[in-house]
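Thanks for coming. I will go through some side-chain contacts, charged ones to begin with and then the aromatic ones. Please have the sequence and the structure open.

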Amino acid sequence: MWREYPSPPEEAFRGVIEGAPFSRVMANLRRQGRFCKVPWARNFPVYTFWDLGRNDKTAIWFMQHIGFEFRFIDYYENHFHALDHYAQILLSKPYTYAEHYLPHDAEVTELTRADNKTRWEVLEDLKIRPTHIVPRISSEMEAVNMTRNQMGNVWFDAEKCSVGITCLENVRFKFDKVLQEYQPNLQRTQHKHGADAFMQFGHGYASLQRRPRSDTLTSGASLARVNRGYGRVSRARNQRSQDWRT
């Protein structure tokens with residue numbers, strides 16, 4: 001539909017991509033209007049999800065858990081930088097952080113350091129705390145499946161997360177030319193780092209089935225009522241309030 005009858009020209013290049021594990025989910029989210037302006041809610045903390053690299057990319061997602069919604073409000077990636085660069089990026093943002101989810105290789109000792117500190121220890125020294133090391137999962141296919149199962153309540157800020165969205169839509173499984181079929185391992189491309197960081201959310205945060213705090217649940221439910229036009233306030237006032245999905 002997008003390819004043959006695009007509205008803006010860029011829609012011609014969207015759709016379900018063969019071998020891309022998240023493309024069908026992302027296409028459904030796009031049809032549901034889940035890529036929009038998602039404002040930062042000052043009263044709620046921000047969680048971050050990392051994929052660490054230096055010569056290759058380091059990718060970081062920023063998420064707020066409000067009610068039963070996972071709102072991805074920001075994304076950052078870069079390469080050829082030490083950890084202090086990423087710490088400065090996080091601390092320069094106005095967010096209040098709840099927890100930082102790091103991959104299992106954060107427990108690796110930085111060989112360039114004389115104090116033998118691990119990556120997560122270095123980050124904590126740089127005031128990136130508290131941190132949580134996500135245990136290594138048995139296979140990438142399992143991580144993909146767990147992440148896809150958690151994406152039903154996901155929202156993305158279309159502008160600030162545009163690079164990360166591209167990663168999720170375009171990361172692909174490896175293709176075996178001999179067997180002529182896809183293998184359950186992701187290709188190492190420029191899109192893999194953003195997808196790996198997002199999967200720290202899928203199997204490191206959402207898979208824990210954390211229940212929203214009572215204040216989070218109340219606020220999220222109230223926001224949902226406002227977006228549906230319910231509550232005591234008038235419909236005109238609703239349009240001037242926190243109806244960020246329109």
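Is lysine 93 buried, partly exposed or exposed? Keep in mind that what you see is a predicted model. With a relative accessible area of 21%, lysine 93 is partly exposed, because the buried class is for values under 20%.

Now to what lysine 93 touches. Its partner in a salt bridge is aspartate 74, and the closest N and O atoms of the two are 2.9 Å apart. This pair links distant parts of the chain: aspartate 74 belongs to strand 4, residues 69–79, while lysine 93 is in the loop between helix 2 (83–92) and strand 5 (97–102). The two residues are 19 apart in the chain. Aspartate 74 has a relative accessibility of 6%, so it counts as buried. Lysine 93 also has an aromatic contact: its charged end sits over the ring of phenylalanine 62, at 5.5 Å from the ring centre.

Next, another salt bridge. Arginine 71 pairs with glutamate 69, and here the closest N and O atoms are 2.9 Å apart. Which of these two residues is buried? Arginine 71 is buried, and glutamate 69 is buried as well.

Please move on to helix 6, which covers residues 192–204. Lysine 192 and aspartate 196 form a salt bridge there, with 2.7 Å from N to O. About one helical turn separates them, because they are 4 residues apart in that helix. Lysine 192 counts as buried, at 10% relative accessibility. Aspartate 196, at 12%, counts as buried too.

How many salt bridges does a search of the whole structure find? The count is 8, and I have described some of them.

As for rings with rings, the structure holds 24 aromatic pairs. In general, such a pair is described by how far apart the centres are and by the angle between the planes. Ring pairs link a set of residues into a cluster, namely Phe35, Tyr47, Phe49, Trp61, Phe70, Phe72, Tyr75, Tyr101, Phe156, Phe198, Phe201 and Tyr205. If you want one place to begin on your own screen, pick Trp61, which is one of the residues in that cluster.

Methods: Residues numbered from 1 in each chain as written. Predicted model: local features only at pLDDT ≥ 70, side-chain atom pairs only at ≥ 80, totals over all residues. Heavy atoms only, no water. Phe/Tyr/Trp six-rings, centres within 6.5 Å; stacked < 30°, edge-to-face > 60°. Lys NZ or Arg CZ within 6 Å of the ring centre and 35° of its normal. Salt bridge = Lys/Arg side-chain N within 4 Å of Asp/Glu carboxyl O. Buried < 20%, exposed > 50% of the residue type's maximum accessible area, 1.4 Å probe, protein only.
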